[in-house]
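This report describes one protein for a reader who has not seen it before.

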Amino acid sequence: MLRRRPDAETPAPARSGRGWSTRLAWLTLVGGVVMVGMRVGVATVVQIHGDGMAPTLLDGDHVMLVRGSMGVSRGDVVVYVPGAASPRLGEEPGLAEADDPRADNGNGEELPDVREAPDRDLRNTAVIDPEELEDNWEKVQARSGGLATYEAPTLRVGRVLAVPGDRVAFHVPGAALGLAIDGQPLLQKTAEPLRLSLRDADDPEGPVGPPRMRSTAYESPDDRRYQVLVPAEEPRDPWPALELPPEEAGPVELEAPGYLVVADNREDGACCDSRAVGWVPAEAIRGRVLVRLTGDASAAPDLDPSARGLQWKP
């Protein structure tokens, strides 16, 4: 059977579907909408003020903050409200040895109410989330007919060493900060000193001081490792807000009722973390730092400038 030859001048049928340029435009649009949604509802970029988290985060650094306490684990850097109500340990916090006199805080006294605001100035490391504060301000204005004044809360930055439910032992010989979490001592290894330009903790609004050497160490909770600034001399009572039994009484173990948050700058950051305000409740956690976006390379002149740049989970 003879087949009819197609006419050479007959145009080929047009391909159905959108071209690559149209698809790329749609992908760009959808990606932009997703990014805006994350920026408004999930993540935000904030700036660090102060050096309480040195050498990890320095004054002027920008970080991406994921809001809320969901997913917070040991080693994470979080933003929290230090004056929020802290969970109480109760009359019997469940010490390591129930028959030991330490089980009732030594002499049967009630454990302190760490929900009270600390009596010290909360200074040094702080961040402000402009979007969240603006939302709060609009709510206050709506309730008061626009006549209310609003004072932005000060948020602090610290590193989570224990999460609710962890078994936290204090006064553990040889462990960093005397801590052991779920039976694992907090390990610390001396590192090379760093020459840093930091602000004076007593004058956070003042000028940045000249570079000087700071003692540092690496800590390794679980599989994380980060660098901290260690004080020249450890305080006699490193956990005044918890009012633990004296160190001479030996190790004491508690089940964490909240987050144990400690600043990486162990001396200058002591004013505002769990050493001064006690356990941090989940509702006080405003978010966790996911990425350090930019850092001031001049604050650490001896480091490669790239070391102060982008860092995942600092």
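Cysteine 271 and cysteine 272 are joined by a disulfide, with an S to S distance of 2.3 Å; a disulfide here is a pair of cysteine sulfur atoms within 2.5 Å. A search of the whole structure finds 1 disulfide. The torsion about the S-S bond of cysteine 271 and cysteine 272 is about -55°, so the disulfide is left-handed. Cysteine 271 and cysteine 272 are both buried, where buried means under 20% relative accessible area, exposed over 50%, and partly exposed in between (1.4 Å probe, protein chains only).

The model is a predicted one, in which local features need pLDDT of at least 70 and side-chain atom pairs count only at pLDDT 80 or more, while totals for chains, interfaces and linings use all residues. Residues are numbered from 1 along each chain as its sequence is written, and side-chain values use heavy atoms, with hydrogens and water left out.

## Overall make-up

The protein has 3 helices and 17 strands; these are DSSP runs numbered from the N terminus, helices being H or I of at least four residues and strands E of at least two. Of its 314 residues, 41% count as buried. Among contacts with a separation of 6 or more, 68% are between residues 24 or more positions apart, a contact being heavy atoms within 4.5 Å.

## Nonpolar cores

A nonpolar core is a set of buried Ala, Val, Leu, Ile, Met, Phe, Trp, Tyr and Cys residues joined through side-chain atoms within 4.5 Å. The largest one has 21 residues, and those with the most contacts inside it are Val168, Phe170, Leu179, Trp239, Leu260 and Trp279. At least two residues of this core come from each of β5 (156-162), β6 (167-170), β13 (226-229), β14 (252-255) and β15 (260-262). Another core, of 13 residues, lies apart from it and includes Ile48, Leu57, Leu65 and Ala263.

What does tryptophan 239 contact, leaving aside its neighbours within four places in sequence? Tryptophan 239 is in contact with Phe170, Leu177, Leu179, Leu244, Leu260, Val262, Ser274 and Arg275.

Leucine 186 lies in the loop between β8 and β9 (188-190) and is buried, with a relative accessible area of 6%. Not counting residues up to four places away in sequence, leucine 186 touches Leu161, Ala175, Ala176, Leu177, Leu179, Ala180, Glu219, Pro221 and Tyr226.

## The second largest pocket

About 370 Å³ of space lies in the second largest pocket. On a 1 Å grid over the protein atoms alone, a pocket is an open set of points where a 1.4 Å probe fits, with protein on both sides within 12 Å along at least five of seven lines, and lining residues have an atom within 4 Å of a point. Grid points are joined across faces, edges and corners, and the volume is the space filled by probe spheres set on the points.

The lining of this pocket has 20 residues, and Pro55, Thr56, Gln227, Arg292 and Gln311 lie nearest the centre. β10 (194-196), β13 and β17 (311-312) each supply at least two of the lining residues. The lining divides into 11 nonpolar, 3 polar and 6 charged residues; Ala, Val, Leu, Ile, Met, Phe, Trp, Tyr, Cys and Pro count as nonpolar, Asp, Glu, Lys and Arg as charged, and the others, Gly among them, as polar.

Proline 55 is in the loop between β1 (43-49) and β2 (62-67). A cis peptide bond joins alanine 54 and proline 55, with omega about 5°.

## Backbone angles and pairs in space

Most residues other than glycine have a negative phi, and most peptide bonds are trans. Aspartate 182, in the loop between β7 (180-181) and β8 (184-185), has a positive phi of about 50° although it is not a glycine. Aspartate 182 counts as partly exposed, at 39% relative accessibility. Glutamate 243, in the loop between β13 and β14, has a positive phi of about 45° and is partly exposed at 43%.

Glutamine 184 lies in strand β8 and is exposed, with a relative accessible area of 55%. Arginine 167 lies in strand β6 and is partly exposed at 26%. The table gives C-alpha distances for some residue pairs.

| Pair | Apart in sequence | C-alpha to C-alpha |
|---|---|---|
| Glutamine 184 and alanine 169 | 15 residues | 9.2 Å |
| Leucine 186 and glycine 174 | 12 residues | 8.9 Å |
| Arginine 167 and alanine 256 | 89 residues | 6.2 Å |
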